[in-house]
Amino acid sequence: MAEEKAEAVADDLHAHFRQVLAQRMAGQREAVQQRLRQRLDALSQRPATPLTQGTPQRPSGPSALALLNAELAQRAGTAAAAGAEGPQTSAPLPELASVRRFGQTWAKVATEQQMIEALAKAPKNAGPLNSHRLMLRALTQMRRLSPDYLRLFLAQMEALLWVEDAVARLPKPAAKGKGSAGRVVKRKG
């Protein structure tokens, strides 16, 4: 059945191609008309059915795009169900190259913005051994010599600052009060 449909479509395309070739032949020079007539004769050796009216019929069954969408939806459903019960059954999708490039560009822009902000906060009349001024000078040299290392260094510093902030937010342990509640008493026996 699928072969019959494919053959019918091929016949329709062949007939249409011959019609267009015959129309093109009318407005051409003699040498071009002769060449087009040869091609038309070669195509006429194969019998064809006339071109069907209207738009071509869609093949029955789901299209390749519909099948792909169904597969992705099934994987997403499987991953969501497996996420609650255990490890995923399907492999994670690879990262797109454009997403990777965007992330790299974003990291460069963020690093440059951090440097601009840090340099704007520099003390105006700081002495040569001022720690803030020395740190800014070191960061400027790092940016000039190795921007990639600067990005890595700033990412590590941000992580350390985040950890320090998270530790500061932890509830403080209760202070041990004076009394016998926490003291162990040894008895002589």
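1. Glu112 is partly exposed at a relative accessible area of 35% (buried is under 20%, exposed over 50%, partly exposed in between, with a 1.4 Å probe and protein chains only). Glu112 forms a salt bridge with Arg143, with 2.7 Å between the closest N and O atoms (a salt bridge is a side-chain nitrogen of Lys or Arg within 4 Å of a carboxyl oxygen of Asp or Glu). This pair links distant parts of the chain, with Arg143 in helix H5 and Glu112 in helix H4, 31 residues apart (helices are DSSP runs of H or I, at least four residues, numbered from the N terminus). Arg143 is partly exposed at 23% relative accessibility.

2. The model is predicted: local features need pLDDT of at least 70 and side-chain atom pairs pLDDT 80 or more, while totals for chains, interfaces and linings use all residues. Residues are numbered from 1 along each chain as its sequence is written, and side-chain values use heavy atoms, leaving out hydrogens and water.

3. The whole structure holds four salt bridges. One of them joins Arg75 and Glu71 at 3.3 Å, N to O; these residues are four apart in helix H3 (residues 64-85), so about one helical turn separates them. Arg75 is partly exposed at 37% relative accessibility, and Glu71 is partly exposed at 34%.

4. Arg169 and Asp165 also form a salt bridge, with the closest N and O atoms 3.2 Å apart. Both residues lie in helix H6, four residues apart, about one turn of the helix. Arg169 is exposed at 66% relative accessibility, whereas Asp165 is partly exposed at 36%.

Note on methods: Helices (H or I, at least four residues) and strands (E, at least two) are DSSP runs, numbered from the N terminus.
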